[in-house]
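Me: I'd like to learn how to read salt bridges in a model. Could you walk me through some?

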Amino acid sequence: MPLKKLNLLVATATVICVGALTSLVYLKTARVRAYTIAESAKFVPDEAMMATFISPTPEAIAHLKQFGTPEARTWIAQNLTAFKQKSLADTSLNFDRDLQSWMGGVMVAFLPDEDQQPDQQESEDFDLLMVIGIKNPIKAWHFARQFNAQPDLQRQQRNYKGVEIVEYTESEGRRYNVAVVDNHVIVAADPSAIERGIDTALGEESLASVTESNQVFLNSVDVPHPILTLYVAEYPTFVKQITSDVSGSSQLSMQLLSRIKPVESVVLAIGVDRAGIRLKATTKLNNRATRQSQQPQLDPLVTRFPTDTIGLIHTQGIKRIWSEILTISEDNSDLRRLVRQLRRGLNAINLDADEDVFGWMDGEFALGLIASDEGVLAPLGLGGVLMLETSDRAAAERMLAQLDTVVSESNPPVNVEQRKIAGVEVTEWKDPQQGTLFGHGWLQSNLVFIAFGGPVVEAITSEPQLPLPASPRYQNVTELLPQPNHSYVYLDVEELVTWATGYLIAAPAIAVQPNALALVNSVQGLGVSATRLDSQTARVEMILTLKAKRN
């Protein structure tokens, strides 16, 4: 099974791969170059289902050293120390002395099982191949001598096409194969996998020699100072294979990933610069994806939100998104069940999901969280507003009228009242003791709002003196996102943490680990955007702005 091979390779090769994974966060600046993804890809067969490349470049590490709180850095250092000690347990190896000094970039690839029969098109097995660049041959040689001198470690050498392969057998019975080719170490648990890696290094087709169109796809995630790049060639097949032996809560998460049918392949990169951490992902979509003729443009609905907006989702065409959900649910029983439940809930109040609710939501959509400690929002410290553009105002008004009727007939009673605020006709749902719970009205002839909390209703009906785009934090995040885009998310993480500390975390029933809070306290803002490049290509970009280092 795949996880058995995965566990075998990870357990036996941890002493090698841990260097690339931990040196990045441990912030030990390398003095020589790290290998590139293009160099490592020359050792990976072109039929690889997935390949990931980790390279802690000096530039990336130098930028990361400028961020973080003392608490976060202490927690990371303690966990990395424990991880390194556990990984090197029962050996005479020292991470900083023996590993970190010679390792360049690390690539891990998933290869289709070579023993798969022709009629096994969906085999649930695969081989793993690890490629490690040698950035300091002398120190690597010293490491090899110490590694080979370990007690209870058996070695068996063989020659394959002029390349020496050493098969190591540990006292627990674990076996793995190691070869050195062109200043790279190749590691694989399966003997045939390392032979395939050698064949590729000697001239067989590799990931570095894919077709021009695929090469453009692979190069589409150009982030500054990349530290990790991930390529999944066949997303549905890959996810199916790695989820076959997963149990518990992870099984549900992996099953949901495996049912994203429109995704065919993915390339993702994470990098770092002076602003923070950047992520860019490009996906190729198959024929199950909803086609889109042109890139939609977002109008500035954001100018209606005040600067104390701490979270915003801005997109377009909820009607289209609903249609895509229905398409995906045809192959996803869990999503199909949720759709049925939603339809039943709306039917219970005499609303049809397709016609009365989502059918008229064909314009822009904005959902914002606004900080407020007044009125009904005093115990929560937060309110919200939903804005929707529509080309069918009559349908929208029918839905709102039906909601007003349901609320007015509720028990305990909620009063439905109309009044004018800043020239806008507003319908409010009022609790006799608490005041306005919700309000809705038309800001323009085609723009309706629904707001939670009286203070938010008051704020959203008036043009803000300082709109959200005037906020420096909003600018720092959104100016780094690509334009145009058809969807984006903005979070003022610093203000969200302040709110959570005062209202949410203060609740006795909610316990948050201090370590998690220390890490979150290092973040200032978060921005995520989605862009449809063409009918079969979509891109997601994320920026995580970090606070400057504090002593």
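Reply: Happy to! A salt bridge is a side-chain nitrogen of Lys or Arg within 4 Å of a carboxyl oxygen of Asp or Glu. Keep in mind that this is a predicted model. In this case, Asp354 and Arg343 form such a bridge, with their closest N and O atoms 2.5 Å apart. The two partners sit in distant parts of the chain, eleven residues apart: Asp354 in helix 13 (residues 353-357) and Arg343 in helix 12 (residues 333-347).

Me: How many salt bridges does the rule give here?

Reply: The count comes to 20 salt bridges.

Me: Are Asp273 and Arg278 buried or exposed?

Reply: The general idea is a cut-off: buried means under 20% relative accessible area, exposed over 50%, and partly exposed in between. Asp273 and Arg278 are both buried, and their side chains meet in a salt bridge at 2.6 Å, N to O. By contrast, Asp354 is partly exposed because its relative accessibility is 28%. Arg343 is partly exposed too, at 25%.

Me: Which residue forms a salt bridge with Arg419?

Reply: That partner is Glu458, with the closest N and O atoms 2.8 Å apart. This pair also links distant parts of the chain, since Arg419 lies in strand 14 (residues 415-421) and Glu458 in helix 15 (residues 454-461), 39 residues apart. Arg419 has a relative accessibility of 32%, so Arg419 counts as partly exposed. Glu458, at 37%, is partly exposed as well.

Me: Which residues do salt bridges with shared partners join into one network?

Reply: Glu417, Arg419, Glu428, Lys430 and Glu458 are joined in this way.

Notes. Residues numbered from 1 in each chain as written. Predicted model: local features only at pLDDT ≥ 70, side-chain atom pairs only at ≥ 80, totals over all residues. Heavy atoms only, no water. Buried < 20%, exposed > 50% of the residue type's maximum accessible area, 1.4 Å probe, protein only. Helix = DSSP H or I, 4+ residues; strand = E, 2+ residues; numbered from the N terminus.
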